[in-house]
Amino acid sequence: MNMLQSQLEAKLSGLPVAVAIALPSGEWIANPHDAQLRLHCRSAKSLAALASGDIGIVGSYIVEGDVEIDGSMRDAMAAAVALMPTDPVAARSTWWSRLLARSRSAALHTLTKDSEQIQFHYDVSDEFYALWLDPRRVYSCAYYAQPDFNVAQAQEAKLDLICRKLRLQAGERFLDVGAGWGGLLLWAAEHYGIQGTGITLSKNQHAYVQQLIAQKGLQDRVQMLLMDYRQLKTVEPFDKIASVGMFEHVGRAHMHEYFATLKSLIKPGGLLMNHGITAGGTDNEQLGAGMGEFIEKYIFPGGELLHVSVVQHEMANAGWEMVDTDNLRPHYAKTLWAWSDALEVQLETALRVLSQKSNPEQAAKTLRAYRLYLAGCATGFERCWTALHQMLATVPDGSMTTGSIRGAQSHYPFTRDYMYR
């Protein structure tokens, strides 16, 4: 214990925020009255994880109640970054680790497992998500077109940006893969007059969107289906497809199948918006310092992040032509901090809501996990550990006369001005 105390004392002196640590004995390392952040450690193993900078393991101890945080999540994240011994995206993969990762990916993404994994995350509690998301419950990166936008305004700006990028027109058949709580699907129907289909694996989301469709009187133009993308069949292909926050759940081993399936569902010349989280590192299977394992265990089982170059390689191999790629990384950091701040001011209410779905102990664990997840992900986007790319792609139709410029072979005008008007 004395050696651990010495290591921790040395680490605390170099942190950007004042931190005090309570030992299992009740003694303190540093003065708690002068600290911005206080950590109550109840075991030697949690102290060892702090000393070594295994932040993901420390996060697990926090969720399980072995470490208690007293202070703001922003200060906690600043301390966590400083404690890490190496860049979490610096790890290099080997042929053996890549083989293992691909085998694991194939096993994790069967129809049954994907359904279970999606419900593990998205069916925690609709009321819980409603506490910290915007009124439309848009659970993906917002777009701060104006720096003073609140998160609700930024989400509407994002929904409209996607619709403009896709050049949605009244009457077009539009597919939203992984439609969430229906934000984009309903925005496109109400503002662009499309005929829309959304799919999800979340029972809660499906039921919620079905109610919204009925309330808005859109039954003749919009449908929400509870199914896997691999199960969707259509007689008439779609004009436009959006996949927002979805392909992170597909898995590296199934990426070609995913994009090939979307290609089979779209008309030649149609547009696909693939919006999702990408890895900051080009050659690491997941974030280091134990953070990847933490997210896998407590938040997104089966989630896999690929570098944008890998995603575009998979898209090209499946027959898609990339026509526009946009990195919104800092927008997602701002979005996540907005969610984190909204949750932090409602912790008692959040615990009560979660306790309606599970026992009090599990509810408390879930809340602690989400507090770390939101703030940790915000930090990751700020520091380029992860990114958010909107990738607009088309399947050329083979006709030299399609489009506004010879050889476009698609609805894409090969100019960008229309997106930002």
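Predicted model: local features only at pLDDT ≥ 70, side-chain atom pairs only at ≥ 80, totals over all residues.
Colleague: Thanks! How many helices and strands are there in the protein?
Modeller: Helices (H or I, at least four residues) and strands (E, at least two) are DSSP runs, numbered from the N terminus. Counted in that way, the protein has 16 helices and 11 strands.

Colleague: What percentage of the residues count as buried?
Modeller: Buried means under 20% relative accessible area, exposed means over 50%, and partly exposed lies in between, with a 1.4 Å probe and protein chains only. Of the 421 residues of the protein, the buried share is 56%.

Colleague: And among contacts between residues at least 6 apart in sequence, what percentage join residues at least 24 apart?
Modeller: Contact here means heavy atoms within 4.5 Å. With that cut-off, among contacts between residues at least 6 apart, the share joining residues at least 24 apart is 74%.

Colleague: Let's turn to α9. Why is this helix described as largely enclosed by the rest of the structure?
Modeller: Helix α9 spans residues 183–192. Its buried residues are Gly 183, Leu 184, Leu 185, Leu 186, Trp 187, Ala 188, Ala 189 and Tyr 192.

Colleague: Which elements are included in what covers the buried residues of α9?
Modeller: Both helices and strands take part in the cover. The helices include α8 (151–165) and α10 (203–215). The strands include β5 (173–177), β6 (195–200), β7 (222–226) and β8 (238–244).

Colleague: Which residue just after α9 takes a positive phi?
Modeller: The phi in question is about 70°. The residue that takes it, just after α9, is Gly 193.

Colleague: Which residues of α11 and α13 make the contact, and how do they divide by class?
Modeller: From α11 come Met 255, His 256 and Phe 259, and from α13 come Val 311, Glu 314, Met 315 and Asn 317. Ala, Val, Leu, Ile, Met, Phe, Trp, Tyr, Cys and Pro count as nonpolar, Asp, Glu, Lys and Arg as charged, and the others, Gly among them, as polar. The contact therefore divides into 4 nonpolar, 2 polar and 1 charged.

Colleague: Is the crossing of α15 and α16 left-handed or right-handed?
Modeller: Helix α15 (residues 347–355) and helix α16 (residues 360–382) pack at about 130°, with their axes 8 Å apart. A crossing is left-handed if the near helix is turned anticlockwise from the far one by less than a right angle, and right-handed if clockwise. For α15 passing α16, the crossing is right-handed.

Colleague: How many disulfides does a search of the whole structure find?
Modeller: A disulfide is a pair of cysteine sulfur atoms within 2.5 Å. Cys 163 counts as buried at 1% relative accessibility, while Cys 384 counts as partly exposed at 40%. The number of disulfides found is 0.

Colleague: Where is Arg 167, which has a positive phi although it is not a glycine?
Modeller: The phi of Arg 167 is about 55°. Arg 167 is partly exposed, with a relative accessible area of 30%. Its place is in the loop between α8 and β5.

Colleague: Last one: how many Å apart in space are Val 124 and Lys 357, C-alpha to C-alpha?
Modeller: Val 124 sits in the loop between α6 (111–122) and α7 (126–132), and counts as buried at 18% relative accessibility. Val 124 and Lys 357 are 233 residues apart in sequence, and their C-alpha separation is 7.7 Å.

Methods. Residues numbered from 1 in each chain as written. Heavy atoms only, no water. Axes fitted to C-alpha atoms, helices over the stretch in contact; angles between N-to-C directions.
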